[in-house]
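Biologist: Hi! I'd like to get to know this structure with you. Could you put it up on the screen?

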Amino acid sequence: MTGKMFGAPIPRTEDERLVAGRGRYLDDLGAGAYAAAFVRSPHAHARILDIDVGDALDVDGLVAVYTHDDLRGPMAEPLPLLIPHPAIRDGRTPHALAAEYVHHVGEPVAMVVARDRYVAEDIVERVRVDYEVLPAVVGVAAARRADHVVHPGMSDNVAARLLQEVGDAPAAIAAAPHTLELDLEIERSASTPMEGRGVYARWDAADAMLRMYSSTQTASGVRAAVAAKLELQLGQVEVVVPDVGGGFGVKIVHPWPEEVMVPWAARLLGHDVKWTEDRREHFVAAAHEREQLQRVRVGFDDEGRLLGLDVRIWHDNGAYLPYGVIVPLVTSTQLLGPYRPGAYRVEFDSLYTTTVIVTPYRGAGRPQGVFAMERTMDAIAARLGLDRARVRSVNLIQPDEMPYDQGLVFQDGRPLIYDSGDYPAALAALLDLVGWDDFPAQRERARAEGRRIGIGLACYVEGTGPGPYEGGHVQVETSGRVRVATGLTSQGQGHQTILAQIVADELGVPISDISVTTGDTRRMPYSVGTYASRGAVMSGSAVALAARRLRDKALRIAGDALEADPDDLEIVGGRVRVKGSPASGMDLGTVAVLANPLRYAFDEASRAATQFGGPADFDRPPVAPDDAPGLEGTDFYSPLRCTFASGMHAAIVETDPETAEIRILRYCVVHDCGRLVNPLIVEGQIHGGVAQGVAGALYERMAYDSDGQLLNASFMDFLMPYASEVPAVEIDHLETPSPLNPLGIKGAGEAGVIPGAAVLAAAVEDAEGFPITRMPISPSELFHLRRRFASG
Ligand code: MCN
């Protein structure tokens, strides 16, 4: 590897196409397709008594109206529980179209297919559904009380319960010199990508093939799920993911009800069908995250060292559990961050409510966990009158303790082990970057001027790059151009650029000669998807391994032709040559011609290759056993466990004494994602993450009323920050390589969002002088807290 492109902060190669409007998104496809629209429940909880489609049938342009009664076999069964876990007591999932009950506003009850979307929406209005309205269950408190039960046949609303213990935390707390108890709460939010969900399907009757396009984070997941539902073989389904306008987690769910209904109808009707989600549908019928109540009991010594930590979590998983218990499981296992907790006990309940389902949103359970842990650290410092950074520092895991096993078990039963990291160095770098030691003097000066400013910090770790595997395929064309394919899908992360950077170094070719395909099951049928900050670790490693395979093959073939030992050859600028002899050798395109025994002299490369002759040894088959024609390589990367990235953020805020407005004056990040493939892209990812972290801390929340109606289901009412509210982010990188993968990479895509609520709560608390235990916090809430604490 020449190492020229790996680590280079080059601009993203995909941006020119996207910025110039040449992107191709789901809704750009499928001209001439029928349009689907969905009749959705207006009630949070109800029994369906009757569906009358009579008024719809005489509308010009109607193609079909479907209800659950039209579905048969697997289509009539509930959608799969994607990630089972032994903690799940009763895992309910939705139907493609509601069968007897609806469990949240927005749940699909019927599907209309029509000539175009206008007609389809008009017909939706004409479908009459009779409901028996049942009591709504909104929020953790109502779910716990269980005055009403969400799902028939259950005696309470507990979908899952899990306890993990390392040592005897209650005993350690009882024996500790100091103890504290805190209730810490995060409200519901959601990822709200620019482009909603969407699916377009075409049934090709001639070869019995389903061809699908979906705005998804997992092409292979959609393929497997739809094949199973439609009783097709995997080989009969192709899924292509076009450009995707953001996902942030929500598009990992598969299949969505709409995602099986659209191909089902396309096959039945023998006509293309398309559905694109509108914004209101995205609010009420996609997925949310974050809502969690966490009760922390902690015992500590005079230095603030943790002796025992007991955390109880109540997680609102919404109406169904298609994605298992990933969110509370991540909170409960990664809450400990970079610290040694002493004894640890954590128990969570995952609760059904009659609200939109909860699935991972960028950060996936970590923002809640970091909020709990870091607020606890600040509370310990306040109790002991110690510096907040000092309390953190005495609890940090040291570099010579790596790899560090927290003694916990994650989803697949494997231990959770931090592979590498230097947390004390990160803390020192952060304190230096933000000027921590100088801040008390600044705060005093500000106070003298009647201004309130405060500083906070928060630390986290993040298990990134989980398996089971990802693949890479690299191929050299006879023109010398290199085609790379991997199964992960891209929603804006810049994968085309970074995968090309990796391959450029491995193969010694210019980046401009490399094109990358993602999310196309025709090119890479075996894949998992883009989530859990796994793209760089998994597909980066896989394409590096595939390129190394291809390189070995190229050197072997060129060595044969040049009568040179492959070990004496190198590839530079797309040319294989004898080391130190630039004039010798041949282009990689020529090697690609030589790699195919069937050589037509159609193009320049083929003609050039003729000088190296054909297979001269007539006693040898043209393609050797165990070899294959073509200059290409495929490989897969499958790690034992995830690699732990980490980071620490600090923020300085100013709160307005009159209006209680919260302004962020500085936001500093020290981040460690192992070796950086492209620092520019990583910084972009961190900026985007911080923007979402700030949004979740100060602005965004899903406001449900007690009837389960979402009151702010539009961008008029859902308060998203503008660029003017997002601070400039100051970033310092640490690079502790991961020993687990060939490139030493750790993930970076979620990091920026994780400590947002914790760090801003700490800074506001420092400015105001009273505890902040619930986020997000708005000016009016800050105002009320001021009055409450002022009145004692
Ligand atoms: N990277 C790098 N060097 C590293 C680590 C990462 O150069 N050491 C680069 C990667 O190559 C990639 C980007 O940083 O281009 C993010 O990498 P990674 O952490 O591997 O994350 P993924 O590629 O798996 O992307 C998923 C992650 C997640 S989980 C969410 S949610 C998220 C995110 O990325 N959703 C996004 N970032 C997003 N960015 C955009 N624009 N849109 C989304 O929907």
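Modeller: Let's start with helix α5 (residues 219-229), which is mostly covered, as eight of its 11 residues are buried. Helices here are DSSP runs of H or I with at least four residues, strands are runs of E with at least two, and both are numbered from the N terminus. Buried is for a residue with 20 or more other C-beta atoms within 10 Å of its own, exposed is for 12 or fewer, partly exposed lies in between, and the C-beta atoms are placed from the backbone. This is a predicted model, where local features need pLDDT of at least 70 and side-chain atom pairs count only at pLDDT 80 or more, while totals for chains, interfaces and linings use all residues. Residues are numbered from 1 along each chain as its sequence is written.

Biologist: Which residues of α5 are buried?

Modeller: In α5 they are A219, S220, G221, V222, R223, A225, V226 and K229.

Biologist: And what do they pack against?

Modeller: The buried residues of α5 pack against β10 (209-214), β11 (237-240) and α6 (257-269). Contact between two residues is when their C-beta atoms, placed from the backbone, lie within 7 Å. Just after α5, E231 has a positive phi of about 55 degrees.

Biologist: New topic: the ligand. Which residues come nearest?

Modeller: G492, G535, V677, G747 and G749 do, out of 36 residues around the ligand. A residue is near when its C-beta atom, placed from the backbone, lies within 6 Å. Two or more shell residues each come from α13 (495-507), α14 and α17 (679-698).

Biologist: Which element gives the largest share?

Modeller: That is α17, with four residues.

Biologist: How many shell residues are nonpolar, polar and charged?

Modeller: The shell has 14 nonpolar, 17 polar and five charged residues. Here Ala, Val, Leu, Ile, Met, Phe, Trp, Tyr, Cys and Pro are nonpolar, Asp, Glu, Lys and Arg are charged, and the others, Gly among them, are polar.

Biologist: I clicked on Q685. Where does it lie, and is it buried or exposed?

Modeller: Q685 lies in helix α17. Q685 counts as buried because it has 25 C-beta neighbours inside 10 Å. Leaving out residues up to four places away in sequence, Q685 touches Q493, A748, G749 and G752.

Biologist: Okay, sheets! What is the strand order in the one with β22?

Modeller: The order is β22-β23-β24, an open sheet with antiparallel pairing. β22 (569-572) and β24 (586-587) stand at the edges with a single partner strand each, so one side of each has no neighbour in the sheet. Two strands pair if DSSP finds at least two bridges between them. β22 and β23 (residues 575-578) have four bridges, and I571 has V576 in β23 as its bridge partner.

Biologist: Which helix lies across those strands?

Modeller: Helix α14 (residues 535-562) lies across β22, β23 and β24, running at about 120 degrees to β22. For such angles, axes are lines fitted to C-alpha atoms, for helices over the stretch in contact, and the angles run from 0 to 180 degrees between N-to-C directions.

Biologist: What about the sheet with β18?

Modeller: Four strands form that open sheet, in the order β18-β26-β27-β28 with mixed pairing. Its edge strands, β18 (452-464) and β28 (729-734), each pair on one side only. Strands β26 (residues 643-655) and β27 (residues 662-672) pair in the antiparallel sense over 10 bridges.
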